[in-house]
Amino acid sequence: MNVHHNGKSGRKNIVVIGNGMVGQRFCEKLVALDFAQQYKITTFCEEPRAAYDRVGLTSFFAHRDAEKLMLAKMEWYHEHGVDLHIGDRANQIDRKKQIVRSDKGVEIAYDAVILATGSYPFVPKINGIHKVGVFVYRTIEDLEHIIAYGAKIKRAAIIGGGLLGLEAAKAVYDLGLETHIVECAPRLMPRQIDDAGSRILVRQIEALDVSVHLNKITEEVTGNGVVNGMRFQDGSRLDVDMIVVSAGICPRDDLARECGLAVGKRGGIIVDDQLQTSDPAIYAIGEVVLHRDVVYGLVAPGYAMAETVATNLTGGNALFTGTDLSAKLKLLGVDVACFGNYEMGPEEAKPLVWEDPFDGKYKKLFFSPDGTHLLGGILVGDASDYGMLSIMAKSDAALPCRPYELVIGKSNSISSLGGIEGMPNDAQICSCNNVTKETICKTIREQKLTAIGQVKEATKAGTGCGGCMPLVTDIFRAEMKAAGITVSTHMCEHFPYSRTEMFALIKTKELKTFDETITQYGKGIGCEICKPAIASILAALWNDNIMNREHQTLQDTNDRFMANMQRGGLYSVIPRVPGGEITPEKLIALGETARQFGLYSKITGGQRIDLFGAKVQDLPDIWEKLVNAGFESGHAYGKALRTIKSCVGTTWCRYGVQDSVAFAIRLENRYKGIRAPHKVKSAVSGCIRECAEAQGKDFGLVATERGYNLYVCGNGGAKPRHADLLAADIDEETAIKYIDRFMMYYIMTADKLTRTAVWIEKLEGGIEHLKDVIIKDKLGICAELEERIQFLVDSYRCEWAEAVNDPEKRKLFRQFVNTDETEPVIEVVMERDQPRPAYWPTEAISLEQFNKLKENLPPLPPPAPGQLPNWVKVGNVSDFPHNGGATIKYGKSQIAVFHFSTWDKWYACQQMCPHKKAFVLSRGMIGDVNGVPKVACPLHKKNFSLVSGECLTGGDYSVQTFPAKVEGEEVFLDLPPTEVLDPLLATEIGCSLATSCETTPNLLPVV
């Protein structure tokens, strides 16, 4: 076997054995500090994947995606020249020859070895512990086995009530299993909290229907080859189907023992303060280390060790003398934190204790005997003050207050004790990654960071356990304030308020229209930003028909015509199919409708059928057929509930545990038509196999044996986000109650055009705050939330059913208001036996390119001196919508005419948008920018001045405008004769220009 030597002269080989969190952190630190590039790194990874976040392992039960836990992409290893041997265990260290050998026969010569082999789960010697159904909780593979086995059973027990045991209990609980925690000690988390804190924790956990068994020593795992129960030393028994052992760790020091390194009597590789073993060429870091008779089981000490060794290998002089064991955790939904020294006798410290048995909160702080210094503490139930308290415990400075003020608070807030500004620069904010306040502040200033996510990425603060994020956020806000940077929350130039503020104002003042709202709280006439946002608020509060005159032109073309605009100005029709369940008769009705109107048919991702290619003037006739066949509007055009997918559940599936179809239909019929800041999608899965993909929806339900797990704020779009678990094992009525509250709270507080996935990321406190509001009614608003959502449910009416039965509303869909004639506006071709629009050019057409295509056409001549206007009557005032536009036909040309009712002014321009040559401008929203009237193209939001015709949003585009006036009730436009205008703006000319564009070099057709 050939030994792999470093081929680059002068570079030393570093072999890292173990690619866990600590091993990976060492690689990152050495790469960052090795400015002279004196080292070549090779790392062995026994697991089938590279380093992942073991601290966040419990989240795997929610998203089941190992990629989301990865600490570095494979590109990182390649970019930095790190040779990674995945799935290959280093099995020997030949200290004499300085060679590391692996299971796959790889041999690497080394100059230094870094042992980062970590630990393995401690499994007590219990009779029957190796039966089928007993698992450990350590790796992603362990979790995959637990998930697979858990799908077949109902009851599980966790042996171990410490930190790891409670994490395992959370995972098992989230699987929907009856959960038991078995601990041999008289309290939970015996190394971190005292008896009083444990009592609070037990009460909080048992409130979730998780059983806690203390002082229980397991004597035997019972069952005939397969687990069926546990027998304890006191003679009692517990019937369970699965056992997860999570009772501590043991240093994985076998490799060190075999090569003769010094190890402790109870395990662990003995190291000095430089992390050197008994062999100067071999270092050890992480959970495998025995340092000053201590084995550290947390990630933060391992990170500190990794940094120490990397620093010394690159010329530094660092020592590891021990580390802070502070930790902030959320275990089964309960905050638990400990910091500083919390295991001192009465001669060393004086404790102050505060306990609230009603809200389940406990605080015990240890002070120096003279009361001038905070030494440590324990927090259970509420750890919001952890960040500031842990920093005080590390500081040598005297307390800025009396000790009791830290226990009961001063002015109801510990932040009044100095806050971020009073915190020393060297205060350690993130103990996992050893990030100080000064580092965060300096990075924000130098890199000009403007988002909290950027701060996390640049400093690594908050990327470990996440307990420091409140402090990191506070520092970020303080830096933004100091720099004079304010992010405007104003809706737009017309309203100096955020959407949330506007919701409150409209609700309080009971404003019913946009005109009332902008008159009282805004200026101008609005725009394509504020109009839909206000319309959404009005719909969420009063639920008027969006086709009413005062609302119809507030929404973009989709809501205005209750259909989704597609390429070229055609529309799609999507009827509601609740839960994805549809009868053969309705399928036939859809097919006959598509055939009659020449529509393209496609199954959507939301378990519905989409009919594409409808002309605006055909929409009422299409929907009349569908309404008569029993269909309702699917609201695919609105920022509203779209679909609630379902699998077949117990109806047909042999694995189903709940009737997911029936529940999905019930939910979809309840929430249909409800407007929100953005579209809302949902799903119901009949078992944990999750065929409906409910955990990627705005709200989703996954059936368990005891009910449903309710997930919220997921998204499967451009930026996928796995939903968070809001509540577990709830019945249908409770689920509906929570969804009611969730939906209305989102509607009331989210910013405009904000999906729930983005909303919760910005929501202070995230999912825990949401639980407090939705489940615990922390804000005392749940009754109002339920009342408001029930009003929307009770006042639902199918918008299309009302439209097709109202002759006045049907008139709104006419292609032209001055004639019943119609014209095709886009070329349609056949493909796979279905119609589709001809392709658009790959690039937008500039004005210059557009003019080149028209160069043989006569220009529109300017009026001759003294020439009188050619006023042409195009309709009556009543033919045109309130604060909106409509199309008139003049000769062979289409003209968009706009009535700015608020100003009582009229404007007109060509109907064709020059950007994509689509005849759609009259369907765009009108508004103003600094008082200049404009129209926003409904396709791509190009804004055009209705005075000059220029594009206000960039690009070499312009439109031809025409003077307009009203005499009595008649509307007139000043238009050139048709023989002059038609060669420039005729519909057939526009279509031919688009066709010419498709064949012009560098303007190839594409969808």
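Student: What should I know before I start?
Tutor: Residues are numbered from 1 along each chain as its sequence is written, and side-chain values use heavy atoms, leaving out hydrogens and water. This is a predicted model, where local features need pLDDT of at least 70, side-chain atom pairs count only at pLDDT 80 or more, and totals for chains, interfaces and linings use all residues.

Student: Which strand is the bridge partner strand of β1 through six bridges?
Tutor: Helices (H or I, at least four residues) and strands (E, at least two) are DSSP runs, numbered from the N terminus. Two strands pair if DSSP finds at least two bridges between them. Strand β1 covers residues 12–17, and Lys12 has Tyr39 as its bridge partner. The parallel strand that six bridges join to β1 is β2, residues 39–45.

Student: Is β1 largely enclosed or open, and how many of its residues are buried?
Tutor: Buried means under 20% relative accessible area, exposed means over 50%, and partly exposed lies in between (1.4 Å probe, protein chains only). Strand β1 is largely enclosed by the rest of the structure, because the number of its six residues that are buried is five.

Student: Which residue in β7 is the bridge partner of Ile17?
Tutor: Strand β7 spans residues 112–115 and runs parallel to β1, with four bridges joining the two. Within β7, the partner of Ile17 is Leu115.

Student: Why are the buried residues of α19 on the same side, and what arc do they cover?
Tutor: In helix α19 (residues 619–628), the buried residues are Leu619, Pro620, Ile622, Trp623, Leu626 and Val627. The arc is taken from the directions from the helix axis to the C-beta atoms. These residues are on the same side of α19 because they cover an arc of only 155°.

Student: Which residue just after α19 takes a positive phi?
Tutor: What covers the buried residues of α19 includes β31 (609–614) and α26 (799–804). Just after the helix, a positive phi of about 100° is taken by Gly630.

Student: In the hairpin of β30 and β31, which residue in the turn has a positive phi?
Tutor: Strand β30 (residues 600–603) runs antiparallel to β31, and four bridges join them. Tyr600 stands opposite Phe612. Five residues lie between the two strands, and the one with a positive phi of about 65° is Gln607.

Student: Which side chain makes a polar contact of 2.6 Å with the side chain of Glu799?
Tutor: A polar contact is a pair of N or O atoms within 3.5 Å; within protein, one must be able to donate a hydrogen and the other to accept it, and residues adjacent in sequence count only if both atoms are side-chain atoms. Glu799 lies in helix α26 and is buried at 7% relative accessible area. Its side chain makes a polar contact with that of Tyr637 (2.5 Å). The partner at 2.6 Å is Arg675.

Student: How far apart in space are Asp928 and Gly568?
Tutor: Asp928 is found in strand β46 (residues 925–929) and is buried, with a relative accessible area of 3%. The side chain of Asp928 makes a polar contact with that of His494 (2.9 Å). Asp928 and Gly568 are 360 residues apart in sequence, and their C-alpha to C-alpha separation in space is 25 Å.

Definitions and conventions:
Contact = heavy atoms within 4.5 Å.
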